[in-house]
Amino acid sequence: MTALLEAAAAPGTGRRDHLRRAATHVLLGNWTGAATVPSRALYPHQWSWDSAFVAIGLRHVAPRRAQRELETLLGAQWGDGRIPHIVFNPSVPLGAYFPSPDFWRSSGTDRVAGAPSTVETSGIVQPPVHALAAWLVHLADPAESRRRGFLPRVYPRLAAWHRYLATSRDLGGGGLAAVTHPWEPGLDNSPSWDAALARVEPAPRESFRRADLDHGSPADRPTDLDYARYVRLAATYRDHAYDDARTPHAFAVEDPCFNALLIASEHALAAIARVVGADDGAHRRRAGAATGALLDRLWDPAAGVFLPRDLVTGEPIAGYGVSGLIPLIVPGLPEDVAAALVRTARGPRFRLGQVHLVPSYDLTAKEFDGNRYWRGPSWFNTTWLIHRGLARHGEAGAARRLRAQTLDAADRTGFAEYLEPYTGKGRGIRRFSWTAALALDLLHASGDDGSGGAPEDLSGEEGSAR
């Protein structure tokens, strides 16, 4: 906490110093004593991939606090290896968020999946950014990381998390992890999920109360029908004791973003393994095999984008969601594929550099809605990932411009949750944690030298990254 207070109070009058202090204040305000909530109002608990992004930003101002962010999340890991998408704060009233602990009933299950007994969590997961975050946090202050034994403590938990995804979640048998709920890929109400969700019988409207509408405009949020289907899917999973093999999954999708993050994190886990003296070979082989599966199963060369695969129908899901661009972050992605993704990003569907940040869905599609959650608005975390991918594949100018635009938008909107891509107007919650954290990371990116902020090395050599 002291490091954060010092960072927030550090002298300086330039815009960079102002933004650093403002972002640090957001993270201070959303700190609960053990973790950082996305928002005190709408999201008053700890979210899985939010905390990974928070740690990536915190490493620049408080590396020990960044380590603790990840350690708190990993402390709620299930016996089967899964990292739950929400870790509930027991001091928050049940009515403040839905679905609340009494819906998920994690500590009351028959323990098939080994849910922890000392903390309440949800039963689903979110994208696996965690090993990448842990590696970046370590690189920020290797001496402090070694002093605290950070990597040796988190490595076995991260390895178990990846094993769970590679085994229990390989529902298609093709070497990719499947998501079983629209909340799991993090792009909740994307038009990409419309057809698959249409198969799901909605839960009765009177069976739940949407606490999110207490804090957000209905025009910004998923519809009641979508929400009723989310509730049905989660209840079905819960009623089958969160057993992936026994649950009749009406929604089962191989998502490009989810798997791209798993691959990037597998490379990071190999780097971590080398530092802690473990065998990195299995991680490198798994990353290579998953990259091959991603290309074989989800790449559409005619469309110039990766497409999710609906495992219920066995067919690709047509359309252009931002998820299909995220594989730009994958180390070793073939350059012709990367070049095609950049062309798609610059084309009329996403208009990279012509609109604000990177829209979450095809600007030309009839389903596009620039205000409603993941149906079109531009988000800071997916933009950060695409910035990273552009820098990785030699698009230094595009990465530099996107970095500058992202920092400007974060500052101008008071760290909004997301933006309307045409107007740049902030939407959703303000003082949003991952927006502040990723602004901090971009402030420290080496973009001023023309590199655009090239990604840190994953070789395992600590001195190569800084």
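## Helices α3 and α6

Helix α3 passes helix α6 in a left-handed crossing (the near helix is turned anticlockwise from the far one by less than a right angle; clockwise would be right-handed). This is a predicted model: local features need pLDDT of at least 70, side-chain atom pairs count only at pLDDT 80 or more, and totals for chains, interfaces and linings use all residues. Residues are numbered from 1 along each chain as its sequence is written, and side-chain values use heavy atoms, without hydrogens and water.

Helix α3 covers residues 48-58 and α6 covers residues 130-140. Helices (H or I, at least four residues) and strands (E, at least two) are DSSP runs, numbered from the N terminus. The two axes come within 9 Å and cross at roughly 20°. Axes are lines fitted to C-alpha atoms, for helices over the stretch in contact, with angles from 0 to 180 degrees between N-to-C directions. The pair is therefore roughly parallel (under 35 degrees; over 145 is roughly antiparallel, 65 to 115 roughly perpendicular, the rest oblique).

From α3, Ser48, Trp49, Ala52, Ala55 and Ile56 make the contact; from α6, His130, Ala133, Leu136 and Val137 do. Contact means heavy atoms within 4.5 Å. By class, seven of these residues are nonpolar, two polar and none charged. Ala, Val, Leu, Ile, Met, Phe, Trp, Tyr, Cys and Pro count as nonpolar, Asp, Glu, Lys and Arg as charged, and the others, Gly among them, as polar.

## Helices α8 and α11

Helix α8 (residues 150-167) meets helix α11 (residues 256-276). Their axes come within 10 Å and cross at roughly 145°. The crossing is left-handed.

Helix α8 contributes Leu151, Pro152, Tyr155, Leu158, Ala159, His162 and Leu165. Residues of α11 in the contact include Phe258, Leu262, Ser265, Glu266 and Leu269. The contact counts 13 nonpolar, two polar and one charged residues.

## Helices α14 and α15

The axes of α14 (residues 380-392) and α15 (residues 396-412) come within 8 Å, crossing at roughly 160°. That angle makes the two helices roughly antiparallel. This crossing, too, is left-handed.

On α14, the contact uses Phe380, Thr383, Ile386, His387, Leu390 and Ala391. They meet Ala398, Ala399, Leu402, Arg403, Thr406, Ala409 and Ala410 of α15. Nine residues of this contact are nonpolar, three polar and one charged.

Strands pair if DSSP finds at least two bridges between them. Strand β6 (residues 309-310) joins β3 over two bridges. Val253 stands opposite Asp310 of β6.

Another open sheet runs β8-β9-β10, again with three strands and antiparallel pairing. Its edge strands are β8 (378-379) and β10 (426-427). Two bridges link β9 (residues 418-419) to β10. Leu419 has Gly426 of β10 as its bridge partner.

## Backbone details

The peptide bond from Phe98 to Pro99 is cis, with omega near 0°. Pro99 sits in the loop between β2 (86-87) and α5 (101-104).

Tyr242 is not a glycine, yet its phi is positive, at about 55°. Tyr242 belongs to the loop between α10 (224-239) and β3.

## Confidence

Average pLDDT for the chain is 92, and 92% of the residues score at least 70. pLDDT is the predictor's confidence in each residue, from 0 to 100. Over residues 447-453 pLDDT stays under 50. For that stretch the model has 22 contacts beyond four places in sequence.
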